Amino acid sequence: MGVKRSLQCGGTLLGLLANIFTVLSTASNYWIRFPTGHSGLWQDCTQGTCSNMPCQCEAQAVQMVSAPQPPSPTTQTAPALPTAGPLP
């Protein structure tokens, strides 16, 4: 019983610590540091000027509006592969 209880307590503490680190890493803007600034999940700071990162859906919408995509080529189907006959 003692080993089982200590493993349960250890697992609970590690789970709690993992949750704390997850919240801290999500809120932090210091994921990447470079000589002129730092960057995180939400902001990019360069030489003391911080700007918010756009949502991926917003970035795609801007890209689609600013750069139209070329028409897609017609799709061609591959010839059918021969199949094996009935098994004896």
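**Note on a predicted model: helix, patch and disulfide**

1. Start with Ile20. Its relative accessible area is 44%, so Ile20 is partly exposed. The cut-offs explain the label: buried means under 20%, exposed means over 50%, and partly exposed lies in between. Ile20 sits in helix H1, which covers residues 2–27.

2. Together with Leu13, Leu14, Leu16, Leu17, Phe21 and Leu24, Ile20 makes a nonpolar surface patch. The patch has an area of about 720 Å². An α-helix has 3.6 residues a turn, so residues three or four places apart point the same way. Keep that rule in mind when you look at the model.

3. Keep confidence in view, as this is a predicted model. The average pLDDT of the protein is 77. Of the residues, 61% score at least 70. Which element has the highest mean pLDDT, and which the lowest? H1 is the highest, with a mean of 92. Helix H2, residues 56–66, is the lowest, with a mean of 58.

4. Now the overall layout. The protein has two helices and four strands. Read from the N terminus, the order of the elements is α-β-β-β-β-α. Burial is limited to 7% of the 88 residues.

5. Next, the length of H1. H1 has 26 residues, and at 1.5 Å a residue they should span 38 Å.

6. How many of the 26 residues of H1 are buried? The count is zero, and H1 is hardly covered.

7. Ser25 and Gly40 are 15 residues apart in sequence. In space, their C-alpha atoms are 8.9 Å apart.

8. Turn to the cysteines. The count of disulfides is one. Which residues form the disulfide? The partners are Cys45 and Cys50, and their sulfur atoms are 2.0 Å apart. That pair qualifies because the cut-off for two cysteine sulfur atoms is within 2.5 Å.

9. The disulfide has a handedness. The torsion about the S-S bond of Cys45 and Cys50 is about 110 degrees, so the disulfide is right-handed. Are the two partners buried or partly exposed? Cys45 is buried, because its relative accessibility is 3%. Cys50 has a relative accessible area of 41% and is therefore partly exposed.

10. Look at the loop between strand S3 (43–46) and strand S4 (49–52), where Gln47 lies. Most residues other than glycine have a negative phi. Gln47 is not a glycine, yet its phi is positive, about 50 degrees. At 65% relative accessibility, Gln47 counts as exposed.

11. Gly48 lies in the loop between S3 and S4 as well. Its relative accessible area is 77%, so Gly48 is exposed. Gly48 and His38 are 10 residues apart along the chain. Their C-alpha atoms are separated by 9.3 Å.

Key. Residues numbered from 1 in each chain as written. Predicted model: local features only at pLDDT ≥ 70, side-chain atom pairs only at ≥ 80, totals over all residues. Heavy atoms only, no water. Patch = residues over 30% accessible without salt bridge, like charges linked within 9 Å, V, L, I, M, F, W, Y side chains within 5 Å. Areas by Shrake-Rupley, 256 points an atom, 1.4 Å probe, with all protein chains shown as cover. Salt bridge = Lys/Arg side-chain N within 4 Å of Asp/Glu carboxyl O. Buried < 20%, exposed > 50% of the residue type's maximum accessible area, 1.4 Å probe, protein only. pLDDT = per-residue confidence, 0-100. Expected span 1.5 Å × (residues − 1).
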